[in-house]
Amino acid sequence: MLFIVLIILCIVLIIVKYKTTNYDYWKKRNILQIDDLLWTFLFNKRSMSEICKDIYDKYEATHIGTSMGSTPALILKDVEDIQAVLAGDFQSFYSRGIQINPNDILADNLLFMGDYRKWKLIRQKLSPVFTSSKLKNMFYLIEKSARDFIELIEDNRHLRKQPFSVLYTYTTASIGAAIFGIDTQTKNTMESPFLDMAWKAVKPSFKTNIQVFLSNAFPSLVNIFNFKVFGEHEDFFVGIVKKVLESRRHDTKRRHDFIEMCLELQKHGIMQDFTTGYELNPTDEVVAAQAFALFIAGADTTANALHFTLLELSNNPKILTKLHKEIDGIFGTFREELSYNDVEKLQYLDMVVSESLRKYPPIGFLQRLCTKDTVLPSKVNVEKDTAVVIPVFAIHRDEKYYPQADVFDPERFSPRNVQSLPKFTYLSFGEGNRVCIGTRFARLQLKAALAWLLRRFTLAEQNYTPTFEKSSFALRDPNAYYELIPRDPVE
Ligand code: HEM
């Protein structure tokens with residue numbers, strides 16, 4: 001009995017401490033202060049992206065003070081401030097502020113890294129995988145995955161009943177192919193061993209929401225309890241990467257995948273950044289953590305982007321017809337193949353994808369941690385260890401930047417109109433030094449899949465109204481449905 005009373009007392013004390021630590025941090029600095037963001041999220045049915053949008057729309061102020069547990073946080077609305085945080089004053093905001101346990105091998109990756117020197121070195125070494133010329137060489141992997149994906153849904157009608165989950169199969173497989181290449185024994189890239197892992201690693205659940213809450217609210221708990229976010233995938237994933245690296249060490253065939261580049265790095269031994277003097281040995285574990293980051297950053301985001309694009313196309317038959325016409329024009333009458341240059345020519349498809357990513361940015365807000373005291377262009381002081389939140393979803397639906405923001409209109413991204421979009425108001429892939437490293441790869445992967453899919457299928461018209469899942473960072477509606485209808489080979 002005494003034990004239960006003690007536990008209840010501890011919980012009450014933690015709650016009181018939680019609610020009182022930063023309750024007037026911003027008030028004291030003459031900045032509007034609202035309730036703790038994580039607390040609001042925990043007791044709300046909506047996603048964090050929607051909560052941030054509600055706050056953005058409700059308050060006129062350009063800075064909204066809040067907290068995330070023990071960390072004071074500032075929600076930004078001013079575009080110049082946003083530009084400073086993401087790019088101009090990067091030295092004060094290089095970290096995302098995600099607390100990781102040094103023993104958590106897979107979490108020590110580019111996406112989560114808060115150590116500037118380590119992040120800079122790894123980013124420098126990984127960036128070459130995603131240059132245009134590398135992607136051109138890698139396109140055969142993306143194309144094979146897209147083609148296998150179409151066969152999969154053509155041959156398995158029942159899979160079309162759960163469109164989001166089949167799109168996830170494609171994005172996981174195509175990232176898997178870009179990382180590990182395609183084994184000559186593998187007939188179908190859709191049989192990816194990583195599907196289950198990628199799905200579990202990012203799927204929102206009550207458990208992950210609590211984990212996010214606790215690790216943000218009480219960062220020291222992460223180390224005290226040796227809390228490993230991706231612990232359950234460690235043996236499986238590190239094991240696979242080690243096996244692939246070993247078997248490829250003696251293989252001279254060029255594959256143009258991520259593993260090929262990592263083998264090259266390992267051949268040269270210790271990596272060094274001459275500007276900072278930082279050194280790192282590219283061990284198998286370091287390679288595994290970066291490969292893992294590509295899965296968790298890429299699979300869910302691209303599946304959501306495809307899903308929302310198809311949902312909007314089912315809502316907008318005129319746009320769908322125009323897109324079919326463009327795609328059929330590229331494939332021609334008999335030719336059933338798609339090259340890198342073909343995809344580059346699909347300009348209207350590019351505009352449709354951009355508009356879909358505007359209306360439904362898969363990552364609905366960006367986060368940075370201030371790493372040294374600084375002053376924003378709007379003259380607001382930001383102290384070290386303050387979190388800064390950039391409400392991407394809200395900005396993308398702001399009528400000031402996107403008139404009739406709820407209307408799906410690809411023309412916003414025509415080559416002429418795109419020039420007049422104010423800088424730092426299109427943030428689907430982030431901006432500045434920590435911008436998404438996979439942007440070009442993702443766009444190619446999205447367009448290849450959509451081109452193949454809309455060559456072979458069309459969509460039944462419907463009225464789509466989103467019901468976003470309660471997620472701590474993403475914008476998702478995995479249960480939404482649209483009917484894929486097979487087309488005649490050439491219409
Ligand atoms: C539509 C698909 C995608 C979207 C919307 C997206 C969006 C984003 C966003 C918003 C960020 C954070 C940027 C910031 O904080 O400024 C990010 C970072 C990142 N993304 Fe993506 N992403 C997508 C696909 C991919 C793919 C396919 C990969 C890899 C193959 C990838 C790898 C990464 C990595 C490694 C980072 C961390 C970069 C760093 O911190 O230096 N992403 N992405």
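The structure is a predicted model in which local features need pLDDT of at least 70 and side-chain atom pairs count only at pLDDT 80 or more, whereas totals for chains, interfaces and linings use all residues. Residues are numbered from 1 along each chain as its sequence is written, and side-chain values use heavy atoms, with hydrogens and water left out.

The protein chain contains 18 helices and 10 strands; helices (H or I, at least four residues) and strands (E, at least two) are DSSP runs, numbered from the N terminus. Of the 491 residues in the chain, 56% are buried. Buried denotes under 20% relative accessible area and exposed over 50%, with partly exposed in between (1.4 Å probe, protein chains only). The chain exposes about 22600 Å², of which carbon and sulfur atoms supply 56%; accessible areas come from the Shrake-Rupley method with a 1.4 Å probe, and for residues only the protein chains shown count as cover. Among contacts (heavy atoms within 4.5 Å) with a separation of 6 or more, 76% join residues 24 or more positions apart.

The ligand is surrounded by 26 residues, and the closest are Arg96, Trp119, Arg123, Arg368 and Cys436. The elements that give two or more residues to the shell are α5 (116–126), α13 (284–315), β5 (366–369) and α18 (439–456). Helix α13 provides the largest share, six residues. By type, the shell divides into 15 nonpolar, six polar and five charged residues. Here Ala, Val, Leu, Ile, Met, Phe, Trp, Tyr, Cys and Pro count as nonpolar, Asp, Glu, Lys and Arg as charged, and the others, Gly among them, as polar.

The iron atom of the ligand has a single donor from the protein, Cys436 (SG), at 2.3 Å. Donors are N, O and S atoms within 2.8 Å of the metal (3.2 Å for Na, K and Ca); water is not among the atoms, so sites may look incomplete. Cys436 is in the loop between α17 (392–396) and α18.

A polar atom of the Thr66 side chain lies 3.2 Å from the backbone nitrogen of Leu37. Not counting residues up to four places away in sequence, Thr66 touches residues including Trp26, Ile34, Leu37 and Pro72.

Met351, in helix α16 (residues 347–359), is buried at 5% relative accessible area. Met351 and Glu411 are 60 residues apart in sequence, yet 6.9 Å apart in space, C-alpha to C-alpha. Leaving aside neighbours within four places in sequence, Met351 is in contact with Pro410, Glu411, Phe413, Ser414 and Pro415.

Two loop residues other than glycine have positive phi values. Asn30, with phi near 60 degrees, is in the loop between α1 (2–21) and α2 (37–42) and is exposed, with a relative accessible area of 75%. Lys379, with phi of about 75 degrees, is in the loop between β6 (374–375) and β7 (381–382) and counts as exposed at 66% relative accessibility.

Key: Near = heavy atom within 4 Å. Polar contact = N/O pair within 3.5 Å; in protein donor to acceptor, adjacent residues only side chain to side chain.
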